[in-house]
Amino acid sequence: MCGILGYLATTPDLSELRPQLDAALASLNHRGPDDNGTWAEGGLGLGFVRLAILDLSPAGHQPMQSPDGRFVIVFNGEIYNFRELRQQLEAAGERFAGHSDTEILLRLYQREGLERCLARLRGMFAFAIWDRQEKTLALARDRLGVKPLVYAATPRGFAFASEIGALFELLPELPRRPDYVALDQFLSYQYVPSPRTGFDAIRKLPPAHAMQVRHGRVEKLFRYWDISHQAPSPLSFADACAALRELVLESTRLRMVADVPLGAFLSGGVDSSIIVAAMARLSKQPIKTYAIGFADERFNELPHARQIARHLGTEHHEALCHPEAVDLLPRLIRHLGEPFADNSILPTYHVSRFARQDVTVALTGDGGDELFGGYRRHHHIWRVETLEKWGLLPLWRKLRQATVALENRFGSSPTRRVFPHTHADQMLTMDSVARFRHLVAHYTQQDKAHLLTPHFRQLAGESSLANLRDPWERAAGADTLNRWLYVDSQTYLPDDILAKVDIASMAVSLECRSPFLDHKVVEFAMSLPGRYKLTPRGRHKHILKEAFKDWVPPGFFDRNKMGFSAPLPTWLRGDLAPIMREAIANNATLSEWFDTRQLDRLLDEHLAGPHSHSKRLWPFYALAIWVQEFKVTA
């Protein structure tokens, strides 16, 4: 796990950029404190910082050059099937200087080219390979988007990095004009969907994509992998459970290979418990597990983590996350480089820092919800679309209208006082994609109509559904649930969950690996019928719970999902309240984008009333910090 960056100029002279290359590399030091290196020639510069995981010897140093001198690579990630690939390459006559997966990747690329090389990789990665003969730069990102890669195409050339902040160090003149479409999407989703970032001049390379750059210009950008959406697997439920167990065990085994201490995050939920149970079955030694909790019992899963740790005999460690954790938000926003409002990044950072005291690699349960239907929205959307399929939606709409009328007659909601609309009845009148956005949005289109200034609306234009509609249409062959799981796997998973874990863990030089995100596990999960994952009565992750129920205490999977988030309603009514108010109210840029009267009303109601607006206020707090940290102007 490392940090990479580079630049390919339109002209051959790179001498003026060399000091900036070093400064940009220093900004990534947290991603790789064990080693660093640069490569520069003509119009090209490459930089690398290393967190040593495999082959701790100098043979793993990067940038790494191929034996014939033609290719140079910088690589962030892990190739889990590198031993298998090494055996195949050695049988073909290749010989290696060390034991790193970087050397295997470079030699495979040299022999087979970009597309065939990518098809054989099993892992998480972002890499760039310079062809000194053809003067081309090839870049690629792993199938699920575990590892980040951002880039900027400018008149002077092409630049890329693991983090946005490094791009500004590399190219200080890079415009900091915000991408208003991205900011509009951020209000909806609390993250910025790929390929956009918060900046108009910077883009993310999407998951499962690769590109080729020549003479400082993007020559080719393409998707190299996708999930098949053909007829569902014919496996019976019992056979599917057995196959899933074997796949998860294999994927976990591959991710337990490391030359450094290894442990696991254990939240006490379904997914992390399954991964730790798999690790326990594969290890002769007790697994080191790490859990973070909160003083507010409504958000505290430590008792559940403790229960599974005792059952599996792990070497368990616990700590509490306190309100002071919010003080770290500016640092995390600097690493993210864009607005991000998923507050679970705070406990994720703290559990990463806690684990890093003992281990360098931690396995996680990320991906289980998106592959197996773990969110309430999956049941909500399935119910609505089933009613629509059966022609019962008009009747349900009338029942909803009657319910809303009763709510308006006998009750009130502080949310409606600021945003006078109802959610369920509007959702029923929308098409599938708009309905899903409405369901997942933190601020709906109607909410934003009350908040956005005419200036912002003009710059952002008509709100787009392309980030949801494109994957929805690509999954046309799947059943309803699997279509929405695919949408989540292409949007929320890489741009929220995986971005959060990468930034929070790499901020403390910890490598995280998730067995559920092995592409073979993903392909198998997506081949299963939706009814195996979500039952009509609303049992989420049904096949996961049934396949692994014998690995955990009886009844452990039967409790309600809590989620991994900070107790913001409590925190933002305490000492953090004036800090949040000052950050939002005194931000001149935000006042040009949003109706401050509406924000003031949200703040007042949150502090004075019995209902919390913490989830509505937190995105503006995160946005205010991003504007301040990156000196963004309207």
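Reply: pLDDT is the predictor's confidence in each residue, from 0 to 100. The protein averages a pLDDT of 90, and 93% of the residues score at least 70. This is a predicted model, in which local features need pLDDT of at least 70 and side-chain atom pairs count only at pLDDT 80 or more, while totals for chains, interfaces and linings use all residues. Residues are numbered from 1 along each chain as its sequence is written, and side-chain values use heavy atoms, with hydrogens and water left out.

Helices here are DSSP runs of H or I with at least four residues, strands are runs of E with at least two, and both are numbered from the N terminus. Leucine 485 has 0% relative accessibility, so it counts as buried. Buried means under 20% relative accessible area, exposed means over 50%, and partly exposed lies in between (1.4 Å probe, protein chains only).

What does leucine 485 touch, neighbours within four places in sequence left aside? Its contacts there are Asp369, Glu370, Leu371, Phe372, Gly373, His378, Met526 and Lys533. A contact means heavy atoms within 4.5 Å. Proline 232 is 253 residues away from leucine 485 in sequence, yet their C-alpha atoms are 14 Å apart in space.

Beyond its neighbours within four places in sequence, serine 272 contacts Phe265, Leu266, Ser267 and Gly365.

Now the whole protein. It has 28 helices and 17 strands. Buried residues make up 61% of the 634 residues. Of the contacts between residues at least 6 apart in sequence, 74% join residues at least 24 apart. The C-alpha atoms fill a box of roughly 80 × 55 × 45 Å along the principal axes.

One stretch calls for caution. Over residues 412-422, pLDDT stays under 50, and the model has 30 contacts beyond four places in sequence for them. Where pLDDT is low, the predicted coordinates should not be read in detail.
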